[in-house]
Amino acid sequence: MFRANSLILYVDDVDRSTAFYRDILKADPVETFQDFSVFALSDGFVVGLQSKHAIDPKPQPSFGGFELSFSDATKEDVDRLHADWTAKGVEMVLEPTTLEFGYTFVAADPDGHRLRVCATDTTNVA
């Protein structure tokens, strides 16, 4: 059986988005091209940043919401990343809070794609 191994985000400016993800992920892209770059998120799963102006077929003008979730985190990771990203000027959509599934915050990348960081082990969340 085959499995999904990548997520492609359509972005307005690949260079700007590549710099943003390089900064928050603290990693270089594994591949870069004129209108596309790729970051490894885990073994076998990557996120691609594709210029929405250089893709065929053209993307739809608007789309449903989704979020890229980083849920292999501790409460301390959530707080540390929130502080780090806030200091970098990353837009926050949801400040750190405890929800029924875990301790989490939500940020947005330069194109408005939502990024959730979540500690799903609620036994250590106060």
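Asp-111 is partly exposed, with a relative accessible area of 24% (buried means under 20% relative accessible area, exposed over 50%, and partly exposed in between, for a 1.4 Å probe and protein chains only). The model is predicted, so local features need pLDDT of at least 70 and side-chain atom pairs count only at pLDDT 80 or more, while totals for chains, interfaces and linings use all residues. Residues are numbered from 1 along each chain as its sequence is written, and side-chain values use heavy atoms, with hydrogens and water left out.

Asp-111 forms a salt bridge with Arg-16, the closest N and O atoms being 3.7 Å apart; a salt bridge is a side-chain nitrogen of Lys or Arg within 4 Å of a carboxyl oxygen of Asp or Glu. Arg-16 lies in helix H1 (residues 14–25) and Asp-111 in the loop between S7 and S8, so the pair ties together parts that are 95 residues apart in sequence. Helices (H or I, at least four residues) and strands (E, at least two) are DSSP runs, numbered from the N terminus. Arg-16 is partly exposed, at 37% relative accessible area. The count comes to 9 salt bridges.

An open sheet of mixed pairing is formed by 4 strands in the order S5-S8-S7-S6, two strands being paired if DSSP finds at least two bridges between them. Strand S5 (67–70) and strand S6 (91–99) are the edge strands, each pairing on one side only. From one strand to the next the twist averages 15 degrees. S5 and strand S8 (residues 114–119) run parallel and are joined by 4 bridges; Phe-70 has Val-117 in S8 as its bridge partner. A salt bridge also connects the side chains of Arg-116 and Glu-67 (2.4 Å, N to O). This pair links distant parts of the chain, with Arg-116 in strand S8 and Glu-67 in strand S5, 49 residues apart. Arg-116 is buried, with a relative accessible area of 11%, whereas Glu-67 is partly exposed at 28%.

Helix H2 (residues 75–87) lies across S6, strand S7 (102–108) and S8, running at about 20 degrees to S7. Contact means heavy atoms within 4.5 Å; axes are lines fitted to C-alpha atoms, for helices over the stretch in contact, and angles run from 0 to 180 degrees between N-to-C directions. Within helix H2, Arg-80 and Asp-77 are 3 residues apart, about one turn of the helix, and their side chains meet in a salt bridge (3.2 Å, N to O). Arg-80 is partly exposed at 48% relative accessible area, as is Asp-77 at 24%. Salt bridges that share partners join Asp-23, Lys-26, Asp-84 and Lys-88 into one network.
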